[in-house]
Amino acid sequence: MEETNKMEEPNKQEEQTSTQKIGIYLWIWGLLFVLSFFSYMVDWYQFQGMLRWSLILFFMFLKAGLIMAFFMHLFWERYALVNVLLWPMTAIACFIFLMNAEFQYTLFSRFFYFVVGGA
Amino acid sequence: MSDEYDNNKSYQAQSSEVLDGSAGSINPDMDYVRPAEIPEQDLYHAHSFIEKWIFCQDAKVIGVQYFLTAVFTGIVGLILSWLMRLQLGFPELAGFMTAEHYYQFVTMHGMIMVVYFLTALFLGGFGNYLIPLMVGARDMVFPYVNMLSFWMFFVAVAVLMASFFVPGGPTGAGWTLYPPQTILEGTPGSGTGILLMLISLSLFVIGFTMGGLNYMITILQARTRGMTLMRMPLTVWGIFTATVLAMLAFPALLVSAIMMTLDKVLQTSFFMPTILKAGEVLEYGGGSPILFQHLFWFFGHPEVYIVALPAFGIVSDLISVHARKNIFGYRMMVWAIVGIGGLSFFVWAHHMYVSGMNPWFGFFFATTTLIIAVPTAMKVYNWILTLWRGNIRINTVMLWCLGFIVTFVNGGITGIFLGNVSVDVPLSDTYFVVAHFHMVMGIAPLMVIMGAVYHWFPLVAGKMLSETLGKWHFWITFLGAYSIYFPMHYLGFIGVPRRYFEMYDSPYMTSTVGMNEFISVAAFIVGAAQFILVFNIIKTLKTGKKAEQNPWKANSLEWYTSTVPPEHGNFGERLPVVHRWPYDFSVPGAKDDFIPQTTAPSEVANTEVEKT
Amino acid sequence: MSEQKIDGFELRPGFKGMASDTGSDQTMFKGVHWGKAMMWIFLLSDTFVFSCFLISYMKGRGSTIVDWPNTSEVFSLYVGGVPVPLLLIAIMTFVLITSSGTMALAVKYGYEKNRKMCGWLILATAVGGLTFVGMQVFEWSKLIHEGVRPWGNPFGAAQFGSFFFMITGFHGFHVSIGVIFLFIYTYKVFAGHYDSKKRGWFTKMKGDYVEIEILGLYWHFVDLVWVFIFAFFYLW
């Protein structure tokens, strides 16, 4: 609890009128179009292999980050909210990581037993 | 919201008694609580019978509705367990029961007890009733959505019960619903039964999401003045963390239900591998049954803690109140709850050691599973240390709490056996597992529920339940539960597999007949003993003695409402202002052995209260 | 959002602020409307739903021994006899991002109590959403016409169709719900329900422009999910 010596009467909470400048929305809007265009180009030029995956993921996370930070106002929110929303993603990350290991094992056993024919 | 500085006058009046000749002047700085930040909630008061008792928006009524519906399903689950025990103990008396019936009863018993009984009772029932009262709110923050939540649950229960009456009966695939056998012909209820189960689960998830949002936002955003997170009763912490788990774990259940519905209805092959049936290749192929197990247990393991955490929280409060001692290590208890909640998302595949998953996973999940034992053990130590040199009142509530600690430790220790891969492999799918999870998440939370019913009944109904009947109820249940589940550990060790309709001529059958009969008799008695509570409640409502306000001399806000039982809006004209945690019992120097959360510091200036 | 004052409480920035917000009484998310907090937590839960879908997709696609269809061919459109890969998907992405932008502006004008501007922008968002759903219907019918079914398809692994219809279907369902609410809110904004604080039809809660932001959060989330589906399902 804050230590304050005044016993002040609480004011009526201010009507919230301050909003962001319109420019920032237009900028983000434009950036999203450009990034979508770039990720489309990844397919257009048929990049393959690691380059393709890393570009796809890079543009995806950049776009997701921009939408969350600015359109969903997370950039301006207080850290209490931001952290509550982002920490649970570690469970998802763990799930993705383990399922990645799991499908490789399933694939291995399918090849081993169905294609190679087992031990 | 009334903005004046709360109750200045009454402080002076009371404090002159308490302080009496000591320092004399009252220091307003000492009692400062910062002004209200959120406007007064505007409540929609009911105008008709239907709005007041059926489609009611008052969290307390919704809580009771949840409670009654959950208890109804629980009784159905109880009857199913009787039928199973009849078959296992006295098969000659259960001639009407086929193997299909038995599988269906196993399945429905499991699903009902875990999801529709315990989850709904703890979160829907106790959560709705206690959260707004304990954090000092007028109601849940979205009363209309809360009402929808209950009715969604009600429909889910109705759909579930309907599956008993469709052709083929309810699903008999085991409560884990593992594909591929769940939706293949030959499994009982693989037609309409399983579909109704999946629909019912989806409805439950949707309904629960509505309720869960309410519980979370009420706790996070609608506490009263002075109520910090670290001044909340552990009950609220337990329910809150369980709700967070539910909000994040139920999606996996929803997704697996949707995918299995598609496998069933549209012949997709999400979970269905290539299958030969009577020499014929089915249309399925290429799916992954183990994916379902991962999804299911990504939900299923947090679900265990969704049931356990509210029990942990409630029992902490009950022990503290009835031992007249502050809870030992409050902050440790909170962090243990949060820690268990967080870790519960990283342990799920310890249910799948024998499933044929990636063999490296055993190492990872055994490690995380054993780590989760640490905060759990801390909680048990803290309960015992709370009791240590406390002014323990051996009343019904305390008996249930002590029963909980014993059964929980018992079930927890067998959990450590099963958490290790090498020990789990020979024990999995035996009665040892059945004994373990019934002890740890069946009997233990049930003990807490019973204790909580005896504790809060005076608040809900304004009358005291009979102690004599309560003690009979406790001792029969406690000794009976041990008679049921203790021998099951032994059955597991000699290798009796679970979920078997009968053992035929195997050595298991011949050597365990006597024990099975004993367990069955105990199960019948324990089940029947639960109706003592029903009788107790009916008798008390009719003729019981009226409870005074705050009969247990507790500190938390639910006992300091304007009327008992509390009315819509809970606290009358003004919301209470909180100055301390709810565990100031037997404080040296205080006049009474309890200091309510609303007592200002200046009133108890000469006592050695904890700074909270 | 950014600048606000709370009585008797010092709003500190960064992690220190997080600690003091969490340790304070009454609210943890300072200055966040109940409904907005609810929407955020709901979206967190919904994120887990879509994550589970996409993780299942990863597991299903990764472990199939039948070849996965080449999405860039399957989803191509013929323009003047030449196949253009992912053309329809690109247009759908474009439409959805456009509607996300109009929604963001609607939220801004809503807070500025600019009723007309806010209403038109929400209407534009709704129309954008409807266009998206329409194109998805077209895409589905085209694929069904080419023989793609939930239980199998002529291009490769049967799971392709299963996951495609399930994931885009679930996303499309979200979009459709959003469109319905967008049209309702268009009406409510133009009718001035948020200026006059008129009570809701069912919930009996007083109307407020913050509801536009809450709806906006949902709509941006739908867009966010599409970003992931676009990357993982169409491009991968």
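A residue is buried if 20 or more other C-beta atoms, placed from the backbone, lie within 10 Å of its own, exposed if 12 or fewer do, and partly exposed in between. By this criterion, 52% of the 236 residues of chain C count as buried. The model is predicted, with local features needing pLDDT of at least 70 and side-chain atom pairs counting only at pLDDT 80 or more, while totals for chains, interfaces and linings use all residues. Residues are numbered from 1 along each chain as its sequence is written, and chains are lettered from A in the order in which they are written.

Chain C has 7 helices and 2 strands, these being DSSP runs (H or I of at least four residues for helices, E of at least two for strands) numbered from the N terminus. Along the sequence they follow the pattern α-α-α-β-β-α-α-α-α.

Two residues are in contact if their C-beta atoms, placed from the backbone, lie within 7 Å. On that basis, 53 residues of chain A are in contact with 53 residues of chain C. Helix 4 of chain A gives the most to the side of chain A that touches chain C, with 13 residues. The classes on that side are tabulated here.

| Class (members) | Residues on the side of chain A touching chain C |
|---|---|
| Nonpolar (Ala, Val, Leu, Ile, Met, Phe, Trp, Tyr, Cys, Pro) | 31 residues |
| Polar (the others, Gly among them) | 14 residues |

B:Ile217 touches B:Val141, B:Ala222, C:Trp34, C:Ala37, C:Met38 and C:Ile41, not counting residues up to four places away in sequence.
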